[in-house]
Amino acid sequence: MNERNFPIVDYHVHLSKDLGIEQAVGLAEERGMHFGIVEHPGTAYDLATDADLRRYVARLREYPVYVGLQPTHLGWAAGFGDEALAQLDYVLMDADTLPWEGDYLYLWLHDNFIEDMDVFVERYMAHIAAILSEEPIDIFGRPTFLPINFARHYEEIWTEARMRRIIDLAVERGIALEIAENVRVPSVEFVTMAKAAGATFTFGTNGRNENAGNFHYCYEVAEQAGLTTEDMLALPRSID
């Protein structure tokens, strides 16, 4: 893909004790790509106010990376002013933190027990629709991801009508759809359908170590769905 001038960016990279910013920059350069760094807003991450957000952006602006945010809860933007949010290059949000029985269901956890698949799917689709209709985001992460106890029902759950609903909502608001390396979603069928509808895409690993930018599934899906440069998200700020 590098040989074809394909824009290779991992928009879903987290800094951690195993991946500092200097290491991330070096890894991206080594792999001939760019990274987008994201962090979760909230007091646990010292990222809860406009001042926190400005400090976060200013620190990362010293490096050749895109600067993003990954909120997890509906209504997250109420804690920030428009001017502060405008400093970001992008906002990525997935639907993995699902409101559930007065609390939250964290879909990535392996010990979830959800008894009724139909009830889950109904609430999950409503949650996805709320994100895509109301939240100020640029990228919808991990589309069609399922908790482990329903993953084997992927094709049954993700009917054409449900996939079309997600795609139409994203295209309507110009929200890019992430092809997620670590959880291998969405399917080629979904990406092909989304491309035909005019969607744009990003690649993401959710990497916190040397796995950042280590694409296999993303390339496979991009090839099979016939994605081109024009199908990928293009941010206005250049970091070259």
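# Exercises on salt bridges, strands and cores

The side chains of D89 and R237 form a salt bridge, with N and O 2.8 Å apart. A salt bridge here is a side-chain nitrogen of Lys or Arg within 4 Å of a carboxyl oxygen of Asp or Glu. This is a predicted model, where local features need pLDDT of at least 70 and side-chain atom pairs count only at pLDDT 80 or more, while totals for chains, interfaces and linings use all residues. Residues are numbered from 1 along each chain as its sequence is written, and side-chain values use heavy atoms, with hydrogens and water left out.

## Exercise 1

Work out which parts the pair D89 and R237 ties together.

Step 1. Place the residues. D89 lies in the loop between α3 and β4, and R237 in the segment after α8 (217-225), so the pair ties together parts that are 148 residues apart in sequence. Helices (H or I, at least four residues) and strands (E, at least two) are DSSP runs, numbered from the N terminus.

Step 2. Check the cover. Buried means under 20% relative accessible area, exposed over 50%, and partly exposed in between (1.4 Å probe, protein chains only). D89 is buried at 15%. R237 is partly exposed at 25%.

Step 3. Look for a further partner. R61 and D89 also meet in a salt bridge (3.1 Å, N to O). R61 sits in the loop between α2 (50-60) and β3, and D89 in the loop between α3 (82-85) and β4, so this pair ties together parts that are 28 residues apart in sequence. R61 is partly exposed, at 30% relative accessibility.

Step 4. Join the pairs. R61, D89 and R237 are linked in a network of salt bridges. The salt-bridge count comes to seven.

## Exercise 2

Find where E101 and R123 lie, and whether each is exposed or partly exposed.

Step 1. Find the contact. E101 forms a salt bridge with R123, and their closest N and O atoms are 2.9 Å apart.

Step 2. E101 is in the loop between β5 (97-100) and β6 (103-106), and R123 is in helix α4 (residues 117-134), so the pair ties together parts that are 22 residues apart in sequence.

Step 3. Read the accessibility. E101 is exposed at 61%. R123 is partly exposed at 32%.

## Exercise 3

Describe how strand β3 sits beside β2 and β4.

Step 1. Apply it to β3 (residues 66-69). Y66 and G68 point one way, V67 and L69 the other way, and all are buried.

Step 2. Two strands pair if DSSP finds at least two bridges between them. Two bridges join β2 (residues 34-37) to β3, and the strands run parallel. G36 has Y66 as its bridge partner in β3. Two bridges also join β3 to β4 (residues 90-94), again parallel. G68 has Y90 as its bridge partner in β4.

## Exercise 4

Which residues have the most contacts inside the largest nonpolar core?

Step 1. Define the core. It is a set of buried Ala, Val, Leu, Ile, Met, Phe, Trp, Tyr and Cys residues joined through side-chain atoms within 4.5 Å.

Step 2. Read off the residues. The largest core has 79 residues, and L53, Y56, F120 and W158 have the most contacts inside it. Helix α4 gives the most to this core, with nine residues.
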